[in-house]
Amino acid sequence: VLNRGYSGYNTRHAVNLLPTVFAKEMNPKSTLFVTVFFGANDASLPGEREHNQHVPIEEYEQNLRTIVTDIGHKLKETPIILITPPPLDEHAWDKYCREEFDDISPRSNEQSKLYGERVKLVAKEMGCSIVDSFSLLGGNGDVSAYEKSLEDGLHLSAKGNQLLYDGLMDVIKRDLPELAPKVTEDDLTGIALEGALWKELC
C-alpha cells in the first residue's frame, strides 16, 4: 500500500501536489488501483479564519476531475476509486477543537453530505467506482448512529476505519473482482495471498 496522505490538506493542495506524488513516467502495471479520499477539509464552512481549509463546492468538483484526469494520464487504465467525505459529529468536533486548540474549525454534517454528492457526480461522469463513506458510517441518520465511527467528531475511529475498509472491499469485489483477494486456492479470479498465514505456520 502506498499511502499518500497529507494531514489537513484539501483538493486545492492536492492539485498542486500531483506532480510530486505521481511521477511523469509510471508503469501502470505497478499499481492495482488508486483511491482518492478528499472532501472533509474542503467542506469546512467558509469564514474569516487564520487557517481556513474551505474550498467552494464548484472548485472542489473541478479539482476532483483534475486529480482523476492526472492519475488517468499517468497510470493509463488503472482503476480509480473515489471516496466521499464521511459524516461529521459537529458537537464532538467543536468540543475537540476548543480543548486542543482553543479555537473552532466550523463544519456541518449537511455540508459533508453535499460535497459527497459532488464526488458521486464526478465518479459517474469519469467512470470511477465510488465508496460512499457518508452512508456506510450512517451519516443519513441521527448522530447516535455514527458518533462511535468518529474519533473526535471528524476523523475515523477504529470502528469507522473498519467500516470503510469493508465498504471498499465490497466495491472491489463488485466492480473489480479480478483485484479482490483470493479466499481459496480454487478461486478463478482475484489476487493471490503472498505467503502462508500465521495460523498455517504455528
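Mentor: Let's start with a term: a residue is exposed when its relative accessible area is over 50%, and buried when that area is under 20%. Keep in mind that this is a predicted model.

Trainee: Fine. Is Asp 102 buried or exposed?

Mentor: Asp 102 has 71% relative accessibility, so it counts as exposed. You'll find Asp 102 in the loop between α3 and α4.

Trainee: What is the phi of Asp 102?

Mentor: It's positive, about 55°, although Asp 102 is not a glycine. That phi comes just after α3.

Trainee: And what about Lys 76, where does that one sit?

Mentor: Lys 76 is in the loop between α2 and β2. Its phi is near 55°, again a positive value in a residue other than glycine. With 53% relative accessibility, Lys 76 counts as exposed because the cut-off is over 50%.

Trainee: Now the inside. How do I read a nonpolar core?

Mentor: The general idea is that in soluble globular proteins, nonpolar side chains tend to be buried together. Here the largest nonpolar core has 22 residues, and Phe 22, Val 36, Ile 71, Ile 80 and Leu 82 have the most contacts inside it.

Trainee: Which helices and strands each supply at least two residues of this core?

Mentor: Those are α1 (11-21), β1 (34-36), α2 (57-75), β2 (80-83) and α4 (109-126). The most comes from α2, which gives six residues.

Trainee: Let me zoom in on Leu 82. What does it touch?

Mentor: Leaving out residues up to four places away in sequence, the residues touched by Leu 82 include Val 36, Val 68, Val 119, Val 122 and Ala 123. Cys 128, Ser 129, Ile 130 and Val 131 are touched by Leu 82 as well.

Trainee: Last one: how do I describe a helix pair?

Mentor: Two packed helices are described by the angle between their axes and the distance between the axes. For α1 and α2, the axes come within 9 Å and cross at roughly 20°. That makes α1 roughly parallel to α2, because angles under 35 degrees count that way. Their crossing is left-handed.

Trainee: Which residues of α1 meet α2?

Mentor: Thr 11, Arg 12, Ala 14, Val 15, Leu 18 and Pro 19 do. Their partners in α2 include Tyr 60, Leu 64, Ile 67 and Lys 74.

Note on methods. Residues are numbered from 1 along each chain as its sequence is written. This is a predicted model: local features need pLDDT of at least 70, side-chain atom pairs count only at pLDDT 80 or more; totals for chains, interfaces and linings use all residues. Side-chain values use heavy atoms; hydrogens and water are left out. A nonpolar core is a set of buried Ala, Val, Leu, Ile, Met, Phe, Trp, Tyr and Cys residues joined through side-chain atoms within 4.5 Å. Buried means under 20% relative accessible area, exposed over 50%, partly exposed in between (1.4 Å probe, protein chains only). Helices (H or I, at least four residues) and strands (E, at least two) are DSSP runs, numbered from the N terminus. Contact means heavy atoms within 4.5 Å. Axes are lines fitted to C-alpha atoms, for helices over the stretch in contact, and angles run from 0 to 180 degrees between N-to-C directions. Angles under 35 degrees count as roughly parallel, over 145 as roughly antiparallel, 65 to 115 as roughly perpendicular and the rest as oblique. A crossing is left-handed if the near helix is turned anticlockwise from the far one by less than a right angle, and right-handed if clockwise.
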